[in-house]
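Me: Please take a close look at one part of this model. I would like the surroundings of a single aromatic side chain, and then whatever it connects to.

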Amino acid sequence: MNTLPTSRDPAAQLSFFHLSVFEAMMKLKSVTLAANELELPQSSLSRNLHTLREHFNDQLFIRTRNGMIPTSVAQSIAKGVEEALRIYRTGLCERRQFDPAESERNFRIAASDLGQYYMMPLVRRHSIDVAPDVSFTAVPIGRTLISDLESGAADVAIGSYPNLYANVKEQTLFREEYVCILPRAMVPSGILTLSDFKAMDHLVVDGRHYSHGHQEAEQRILDTIDAKRVRMVSESFMVTALIAEMSDLILTIPRSAARVVRSPHMTIVAPPLDLPVIEVKQYWHERFHHDAGNMWLSSLISDCRTDHMNEYRQAGATAAGSEVPTTMSAALPQHDLLPAAA
């Protein structure tokens, strides 16, 4: 015999809330007290109790001088209701909760070497007091980024990837411009002209290993200078910046990467050509949009951006005798969560 509720038997379609009404009545034996505990009007509790009575075809609770006493049917189903509510509360409700103070979860953050450089220390700084046992693993950005986000191999990705799609959500963290790093003696006036830029030997970061934004910037640089002026190519922002510090080459990179250059013999100037401003975002898959841990991580990263912007400005004012204004476009508000464009 099929005892499962069907669409033709609406009274049999009980919710967990109906079971909570039953639980409260078993415990308190009073419609008034049960309604107060569940923060319901008595009329609403009575309607839910009526649904229970119709489903079990029994009064369930009989009014006596000692309160609403459970019937034998109510007593026989009490353990089953208790078990169903236990499964619901521990197996379904608690799974959605995330307590950073108690969690030992490891979060995987996909980012380039540059993203790891400026974000991982901030994530640690912002979490050390509120989530002392939570850990973070930096993973490289690969060709399977969407699959990594979808599968949970990466909880979040940081960078500029406008071509992400397939249920990937995003939040803009900040925007930053490109700067040029070169020996101070090569630009004594602090102003780099386009003719000087074309005449210099260049160190270039291979854009194939980075986001669409850097690929566009690299292409504009290569379109501007003679191919013979490209003296060295590297695949890493951070390593390239350190190489530039020890060379006579000019390097054009995002401002954040220039923070590693400390030599007083180097300077940072504005590029003499129009280059894209990079929108740095965090990305996560819609599958985990309501995962409590991932929601906490996204909020944590969003909180880190203020510190990054302050360090960005401070580094711009001191690193390698910067000659370029240290402006960073304001980040979008935290609630601006949009699905990535297809």
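**Around Trp296**

Reply: Leaving aside neighbours within four places in sequence, Trp296 is in contact with Phe98, Pro100, Phe107, Ser127, Val130, Ala131, Val134 and Phe136. Contact means heavy atoms within 4.5 Å. The model is predicted: local features need pLDDT of at least 70, side-chain atom pairs count only at pLDDT 80 or more, and totals for chains, interfaces and linings use all residues. Residues are numbered from 1 along each chain as its sequence is written, and side-chain values use heavy atoms, with hydrogens and water left out.

Trp296 is buried, at a relative accessible area of 15%. Buried means under 20% relative accessible area, exposed over 50%, and partly exposed in between (1.4 Å probe, protein chains only). Phe98 also counts as buried, at 19% relative accessibility.

Now the rings. Rings of Phe, Tyr and Trp (its six-membered ring) pair if their centres lie within 6.5 Å; planes under 30 degrees apart count as stacked, over 60 as edge-to-face and the rest as tilted. A search of the whole structure finds eight such aromatic pairs. In one of them, the ring centres of Phe98 and Trp296 are 5.4 Å apart and the planes stand at 45°, so this pair is tilted. Phe98 lies in the loop between helix H4 (72-93) and strand S3 (106-111), while Trp296 lies in helix H10, so the pair ties together parts 198 residues apart in sequence. Helices (H or I, at least four residues) and strands (E, at least two) are DSSP runs, numbered from the N terminus.

Phe107 and Phe136 form a stacked pair, 6.1 Å centre to centre with 25° between the planes. Phe107 sits in strand S3 and Phe136 in strand S4 (residues 135-139), so this pair ties together parts 29 residues apart in sequence. Phe107 and Phe136 are both buried. Phe98, Phe107, Phe136 and Trp296 form one aromatic cluster.

Next, the core. A nonpolar core is a set of buried Ala, Val, Leu, Ile, Met, Phe, Trp, Tyr and Cys residues joined through side-chain atoms within 4.5 Å. The largest one has 57 residues, of which Phe136, Ile158, Ile253 and Trp296 touch the most other members. Helix H10 (residues 292-318) gives the largest share, seven residues. Domain 2 (100-174 + 282-310) and domain 3 (178-276) both contribute residues, so this core lies between them. The domain bounds come from an automatic or database domain assignment. Apart from this core lies another, of 19 residues, including Val31, Phe61, Met68 and Leu85.

S3, the strand of Phe107, runs parallel to S5, joined by three bridges. Two strands pair if DSSP finds at least two bridges between them. Ala111 stands opposite Ile158. S5 also pairs with strand S12 (residues 278-285), in the antiparallel sense, over three bridges. There, Tyr283 is the bridge partner of Ala157.

To place this part in the whole: the protein chain has 10 helices and 13 strands. Buried residues make up 46% of its 342 residues. Among contacts between residues at least 6 apart in sequence, 77% join residues at least 24 apart.
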